[in-house]
Amino acid sequence: MHNQLAKPTLNFSRIAIYATLLLACAVYLIPLIVMLLTSFKSPEDIRTGNLLSWPQVITGIGWIKAWDTVGGFFWNSVKITLPAVFISTLLGALNGYVLTMWRFRGSQLFFGLLLFGCFLPFQTVLLPASFTLGKLGLASTTTGLVIVHIVYGLAFTTLFFRNYFMSVPDALVRAARLDGAGFFTIFTRILLPMSVPIIMVCLIWQFTQIWNDFLFGVVFASGDAQPITVALNNLVNTSTGVKEYNVDMAAAMIAGLPTLLVYVLAGKYFLRGLTAGAVKG
Amino acid sequence: MSTMTALGRVSPTEKLQRWLPKLVLAPSMLIVLVGFYGYILWTFLLSFTNSSFMPSYKWVGLAQYARLMENDRWWVASKNLAVFGGLFIAISLVIGVVLAVLLDQRIRREGFIRTVYLYPMALSMIVTGTAWKWLLNPGLGLDKMLRDWGWEGFRLDWLVDPDRVVYCLVIAAVWQSSGFVMALFLSGLRGVDQSIIRAAQVDGASLPTIYLRIVLPSLRPVFFSALMILAHIAIKSFDLVAAMTAGGPGYASDLPAMFMYSFTFSRGQMGMGSASAMLMLGAILSILVPYLYSELRGKRHA
Amino acid sequence: MATLQLRNVNKTYGSGLPDTLKNIELKIESGEFLILVGPSGCGKSTLMNCIAGLESISGGAILVDEADISGMSPKDRDIAMVFQSYALYPTMSVRENIAFGLKIRKMAPAAIEEEVARVAKLLQIEHLLGRKPGQLSGGQQQRVAMGRALARRPKIYLFDEPLSNLDAKLRVEMRTEIKLMHQRLKTTTVYVTHDQIEAMTLGDKVAVMKDGLIQQFGTPQQIYNDPANLFVASFIGSPPMNFIPLRLQRQEGRLHALLDSGQARCELPLGLSEAGLEDREVILGMRPEQIVLAPAEPNGLPSIRAEVQVIEPTGPDTLVFVTLNQTKVCCRLAPDIAPQVGETLNLQFDPARVLLFDASSGERLGVVGGAQAEVHAGNVAQFKGR
């Protein structure tokens, strides 16, 4: 709520408000700044200076070493994330379409059952899922992770599209059926073209969820198939040798950049995804 | 609802059209039945067996749950969850509400400030954990920086202090999620009816009074949504612990999710790990069911 | 151009639930305009969806040109529909909206172009073809929705309350336009509405529905003059028919209704003499325009003096309210009669046009086939002649 009656004047309370807000900005930004500064420092510099001291020499050695260690896993994450995001979004869209426009006996019950998946603690499915992946010969493969992410992303993607399609009048579908359009024609020609905002929300939500996943990665993938989050964690938590904090920070930046970039470019959709999950429709 | 079949002269294409929706939903139905409920049931069964490194189906009744109850590490993890969850939720809510109210005062560059508050939510907990592990590093992190800046007696070694390491998790988790709480409340504030506030101003109420007595109480639903999500994040917290402390020192910063992972996958205690997973499910249900109940009841009354 | 016949159509949403449609039976000829009218929830929209194939029927048959279409999918039925919400495809331009059905049916692009142009000209929406539905006013959207239906040149048009989202003035305009369009194209049309004026003005045939049953099926004149029951009589007509509960009396072998205005009494001889009606609770129905001012010279028709209580001049008429048998009764008088409240008027009725309904069942009393209608015609002529 905007207080439109009182015209803001520069007085003590307004200065205090701005000061608090800016201080909070600093607190939120400092970890990112520290990460960046540290990643460009030399190990020597790290020992002698402090978190916010300016690097004596700016060096990219941390980034190079980090990329050597986690670069391969970065591409793993890409290989896992892209197909999983697109397939789970498509399935969610189809599910939402059926659940709103083609309801049948039991479809509402199914939606209820699916919705619980939004709250499911994944610990309760880890073991059976890993047995199944093992049986299918997909243990420790990126394909296995793609499947897992599609399965457990379905609850949210379906929820997004179902809630969005709820606001679409079903007369549109009836009109299209009389025009001679079938199930898939209506979906691709009528529904999808008007769903661009929710497609964006869903893609971005799934992208951040899957890219940032650690639990599935660490349980279902080992060795060469690890996603970047697992590789980063291994790098940071190895106790052998001298700690190279510049490499750690550079690797953390590499792992965080894709989602940060998406956030900066499409923050509007990102926020809508977050609140869509919260403020139920 | 195809009662049509009684008539028995439905054309084949029409029959296909009527089956298509069910056909399209079928894979997802299978996924939900097997991948969600079937697997939960499977884990439930495993929690009654003596499975160790490999699943076995020798029934041992409630023995795994009994062992869990006697396990000191489980109790540390549960107690940590209570402390971590309580502090994390309370602090995130307070910070989120305060920032939202302040941001609602016609602030210049509000969009930019909002972006800054919210960006940690886009990061992986592993990245957050890595960053804060470095910031809280005893000897090189904030500890050293503040001493360099002239605060001679400053000491910050919580990360290696078994009694205080949980607070490190709280700090990192609050940093990551409080911006999200702010965003939730800000969108709630923007939805508050203007005329109510004007009426209160005409009645002579001061701005703080209006917020405390009128605006914030009207945001109860937002409050419960936020509470729900934060509690959910807390119970599922695994990556943050893994990245920051790996449960250490010793197992002083263990959380149930971490406990479940290490007993199931590293220590070959599948039976007990499954039992702990079922207790986590119980915890989620114990907050989800009342929430959904009040939601549904509220809708019926509305 | 096609005949449409519904044979014993039933629709139920499951055992235990009440039937939505019960034994619907009607038939219209090629080129006729059928109105389905009734209060909301009467099943009229369901019936329309069943004809379109958007919902399946549970029993009976739907025949177009004598061929059963009830098992066909909507696209094979060659039926077009105009929706209450217009249901224009929001991401497509007006041109694409009109062409969509033709494209799906794989018409040649040149032919599509030609057809879109024809329809656009017919509906005077040529200048809107490039716009998106969101950029159109309600009336324009309505035209586009009609254009989409017209473009396919289907056997049957369905209209689902197409005017109810328009403002009053536009509604009247579009009503005339739809009538004009139908006169020109002569396509069989089914039109659902809850507006009895639309029902009267547009339809060749009207089916009045309630609770999933057809209460009466006939021409607008039959529905208006010769309603089958109390519901139809009360639903059609504005201002509505007056209903006066009373008890019949038999005098000299004929049935009489006794009216009492407080000032005077009047015995209304009724044109029926069946046994068993005397001393029965009945409801007497009279349309407001059937109560007229008695001429100065007595003409033999019964009349009654009554005090004017409320006057509502509407412009073309003056509605005068009096009380008969403790019931408020509306009379539709010529505007040049300017009575005052409290004044006493001498009102006259034609007993032959009075309708009688059973008080408990609501069914018409004293109707044997269509005989009553002919009696009417004769009486009206006689009435006018005097």
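Q: Which domains does the assignment give for chain A, and where do their bounds come from?
A: Chain A has domain 1 (1–59) and domain 2 (62–278). The bounds come from an automatic or database domain assignment. This is a predicted model: local features need pLDDT of at least 70, side-chain atom pairs count only at pLDDT 80 or more, and totals for chains, interfaces and linings use all residues. Residues are numbered from 1 along each chain as its sequence is written, while chains are lettered from A and ligands numbered from 1 in the order in which they are written.

Q: What makes domain 1 and domain 2 of chain A count as touching?
A: Two residues are in contact if their C-beta atoms, placed from the backbone, lie within 7 Å. Nine residues of domain 1 of chain A meet that test with nine residues of domain 2 of chain A. On the domain 1 side, helix 1 (12–39) and helix 2 (43–48) of chain A each supply at least two residues. Helix 1 of chain A gives the largest share, four residues. Helices here are DSSP runs (H or I, at least four residues), as are strands (E, at least two), numbered from the N terminus.

Q: Why are helix 5 of chain A and helix 1 of chain B called roughly perpendicular?
A: Helix 5 (residues 126–135) of chain A packs on helix 1 of chain B at about 105 degrees, with the axes 8 Å apart. Axes are lines fitted to C-alpha atoms, for helices over the stretch in contact, and angles run from 0 to 180 degrees between N-to-C directions. Under 35 degrees counts as roughly parallel, over 145 as roughly antiparallel, 65 to 115 as roughly perpendicular and the rest as oblique. The two helices are therefore roughly perpendicular.

Q: Which residues make the contact of these two helices, and how do they divide by class?
A: Leu127(A), Pro128(A) and Ala129(A) meet Tyr39(B), Trp42(B), Thr43(B) and Leu46(B). Six are nonpolar, one is polar and none is charged. Nonpolar means Ala, Val, Leu, Ile, Met, Phe, Trp, Tyr, Cys or Pro; charged means Asp, Glu, Lys or Arg; the others, Gly among them, are polar.

Q: What makes strand 13 and strand 21 of chain C edge strands?
A: Strands pair if DSSP finds at least two bridges between them. The open sheet of five strands in chain C runs 13-12-11-14-21, with antiparallel pairing. Strand 13 (265–269) and strand 21 (355–358) each pair on one side only.
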